[in-house]
Amino acid sequence: MVLAAFVATTACAQDQSLSNDRPPMHRHHGDALAQLNLTDDQKNEMKTINDDFHQQMTDLKKSEDKITVTEWKSKMATIRKDHHEKVEKVLTDEQKASLKKMHKEHGNRFRQDKQNRIERMKKELNLTDEQTAAVEKNLSESLIKIRGVHDDKSLTDDQKKAQYKTIQDKQQEGLKSILTPDQWTKFQELKKNHGHGKPVQS
């Protein structure tokens with residue numbers, strides 16, 4: 001399932017209509033599909049598969065206010081599973097192995113970077129275990145929302161930028177509610193001086 005999601009992300013990153021203001025987690029995937037040396041037929045098939053995937057994600061996003069979070073996650077998992085199965089039929093075994101390797105390397109970097117940021121916040125802000133868990137949940141939920149916006153092809157670049165900002169603003173509001181006034185003040189200082197409090201998106 002993660003293989004297909006990665007393919008979808010790389011396909012989006014290659015779309016020249018997208019701006020350079022995409023969240024950092026997507027910027028480094030631009031040449032991933034190019035590295036797989038897809039044939040013209042494979043590229044056409046992949047485009048059709050990804051267009052269908054993004055349309056389903058767009059439709060799902062439109063229904064998020066009408067269904068529960070659990071239902072939303074279940075539907076998203078189904079869509080990604082279907083996408084994965086279609087992608088598997090297009091790629092050769094060698095291409096699938098290469099893509100899995102790229103995804104694994106990216107995933108490891110992401111998890112390590114996220115964990116490092118949380119550990120720095122815990123240490124420098126003297127967070128309790130409860131606060132640390134709440135911070136991690138806050139950042140993870142924000143990332144899911146950012147991915148949802150990225151996969152919504154009905155939005156223009158400007159609309160995506162606006163929604164990214166809204167998500168980041170809400171992320172900051174969530175963090176502020178988790179931290180004490182003193183911790184929040186120090187958090188702002190860390191962001192300004194070192195960038196340690198920067199939202200985790202990559």
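Predicted model: local features only at pLDDT ≥ 70, side-chain atom pairs only at ≥ 80, totals over all residues.
**Entry 1: α6 and α7.** I started with helix α6 (residues 129-150) and helix α7 (residues 157-178), whose axes come within 10 Å and cross at roughly 170°. Over 145 degrees counts as roughly antiparallel, so that is what I call α6 and α7. Next I listed who meets whom. The α6 side includes Gln-131, Ala-134, Val-135, Leu-139, Ile-146 and Val-149, and the α7 side includes Lys-160, Gln-163, Tyr-164, Ile-167 and Leu-175. Sorted by class, this contact has nine nonpolar, seven polar and two charged residues.

**Entry 2: Lys-61.** Is Lys-61 buried or exposed? I looked it up: Lys-61 has 17% relative accessibility and therefore counts as buried, the cut-off being under 20%. Lys-61 lies in helix α3 (residues 40-62). Its side chain makes a polar contact of 3.5 Å with the side chain of Gln-163, a residue I had already noted on the α7 side of the helix pair. Leaving aside neighbours within four places in sequence, I also find Lys-61 in contact with Trp-72, Gly-148, Val-149 and Asp-152.

Entry 3: The core has twelve residues in all, among them Ile-118, Met-121, Val-135, Leu-139, Leu-175, Trp-184 and Phe-187. I checked Trp-184 separately: not counting residues up to four places away in sequence, Trp-184 touches Gln-172, Leu-175, Lys-176 and Leu-179.

Key: Residues numbered from 1 in each chain as written. Heavy atoms only, no water. Axes fitted to C-alpha atoms, helices over the stretch in contact; angles between N-to-C directions. Helix = DSSP H or I, 4+ residues; strand = E, 2+ residues; numbered from the N terminus. Parallel < 35°, antiparallel > 145°, perpendicular 65-115°, else oblique. Contact = heavy atoms within 4.5 Å. Nonpolar A, V, L, I, M, F, W, Y, C, P; charged D, E, K, R; others polar. Buried < 20%, exposed > 50% of the residue type's maximum accessible area, 1.4 Å probe, protein only. Polar contact = N/O pair within 3.5 Å; in protein donor to acceptor, adjacent residues only side chain to side chain. Core = buried A, V, L, I, M, F, W, Y, C linked by side-chain atoms within 4.5 Å.
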